[in-house]
Amino acid sequence: MPVVWSERCSLHDPQREHWIGIATPAAEVPALYAVHDRALVDYLASAWAEWSAAGLADDPGQPRVVPYVFAHAALTPSPVVPAAATAKAGFFAYDTMSLIGPGSWGAMRAAVDVALTAVDVVLEGAPHAYACCRPPGHHACRACYGGSCYLNNSAVAAAALRERVGPPVAVVDIDAHHGNGTQEIFYARSDVRVCSTHVDPGAGWFPHFLGFAEERGSGEGTGANLNIPLTPGAGDDVWLDAVGGLAAFANDAKALVVSLGVDAGAGDPESPLRVSASGFREAGRIIGRLGLPTVLVQEGGYDLETIGPLVLETLCGIEEARR
Ligand SMILES: [Zn+2]
């Protein structure tokens, strides 16, 4: 199992405890703009420098970019990026938990590079590759960021695969939370199919507004989106049934991106799902049995003791299924 990482991914320090990934070099900008608005990318690249230049780190003493006013639809009939550095964050961010510091942009770009390098590794003939990147990406939308995600690494990887192998490709998201960003980016497209199983947002879980079963895509993408929400407390049996449903949905794709969050693990503080280590192993086998070129992209996981072991279980399951 080839593993791609970058030391630059550790530069992002939102001053909260998150997993520190690691590893490599230079990304393709066109792949980035295939899934993100240029305005968002430009903002993320300059946000901390602008915040810092405005003196906000000293007065009032906030060393991270954090929004205070949001561009709610009622306030933005004709959206215009506001002038003040303090207000810009709320134009592009949709929550207050995704802070930006001095190393953040370098890490975001490195994470995209890691995902694209994993795509290259697979297109060069490896059956699968794991992109060990941070910050995660699946909550990042085309024009806004949130959920501790800034650039959507999985979506960039899917767009790159789509360009290189043709349609359809599929994104299978097994993170404990709905991959709302990936869904939004591809919602009206049939060439990139998106499916996710996650704790039911209707039971009070992030991202709250999206992730329901009736969201099936729009326009040409109608039927190309699948959500399987799960009741809090769901364990291996229920979760693996759902993963099987995602695999069936992705079965006819030419290539696969797996949004590999492991926060469905029983000990994770950020989700009420109760999946065991052997459950992740079996999920890997289910995905591996599809026999598709597969790029696995790291998403969430907040129990520092078990992230590594659960990722390893999943990767080993995939390897076993291929033998
Ligand atoms: Zn998650």
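Which loop holds P127? I found P127 in the loop between α4 and β2 (128–131); helices (H or I, at least four residues) and strands (E, at least two) are DSSP runs, numbered from the N terminus.

**Ground rules.** I am working with a predicted model, where local features need pLDDT of at least 70, side-chain atom pairs count only at pLDDT 80 or more, and totals for chains, interfaces and linings use all residues. My residue numbers start from 1 along each chain as its sequence is written.

**Entry 1: P127.** I looked up its surroundings next. P127 counts as partly exposed because it has 15 C-beta neighbours inside 10 Å. The scale I use calls a residue buried if 20 or more other C-beta atoms lie within 10 Å of its own, exposed if 12 or fewer, and partly exposed in between, with C-beta atoms placed from the backbone. Not counting residues up to four places away in sequence, P127 touches P293 and R322; contact means C-beta atoms, placed from the backbone, within 7 Å. I also checked M108: it is 19 residues from P127 in sequence and 26 Å away in space, C-alpha to C-alpha.

**Entry 2: helix α4.** I checked the length of α4 (residues 104–123) first. Its 20 residues should span 28 Å at 1.5 Å a residue, and the end C-alpha atoms are 29 Å apart, which agrees; the expected span is 1.5 Å times one less than the number of residues. After the helix comes G125, with a positive phi near 125°.

**Entry 3: the core.** Which residues have the most contacts inside the largest nonpolar core? I listed V114, A115, A118, A131, V156, A157 and V295, in a core of 101 residues. Such a core is a set of buried Ala, Val, Leu, Ile, Met, Phe, Trp, Tyr and Cys residues joined through C-beta atoms within 7 Å. Helix α4 gives the most to this core, with 12 residues. I then followed A131: leaving aside neighbours within four places in sequence, its contacts include V4, V114, N153 and Q298.

**Entry 4: the sheet.** I traced an open sheet of seven strands in the order β1-β2-β7-β6-β3-β4-β5, with parallel pairing. Two strands pair if DSSP finds at least two bridges between them. The edge strands are β1 (3–4) and β5 (225–230), each pairing on one side only. Strand β4 (residues 192–199) runs parallel to β5, joined by six bridges, and T197 stands opposite I228 in β5. Helix α7 (residues 236–250) packs on the sheet, touching β3 (169–173), β4, β5 and β6 (255–260). The direction of α7 makes about 175° with that of β4; axes are lines fitted to C-alpha atoms, for helices over the stretch in contact, and angles run from 0 to 180 degrees between N-to-C directions.

**Entry 5: strand β6.** Six of the six residues of β6 are buried, so this strand is largely enclosed by the rest of the structure. I looked at both faces: A255, V257 and S259 are buried on one side, and L256, V258 and L260 on the other. Five bridges join β3 to β6 in parallel, with V172 partnered by V258. Another five bridges join β6 in parallel to β7 (residues 294–298), where V297 stands opposite S259.

**Entry 6: the whole chain.** I counted nine helices and seven strands in the protein chain. Buried residues make up 54% of its 323 residues.

How values were computed:
Two residues are in contact if their C-beta atoms, placed from the backbone, lie within 7 Å.
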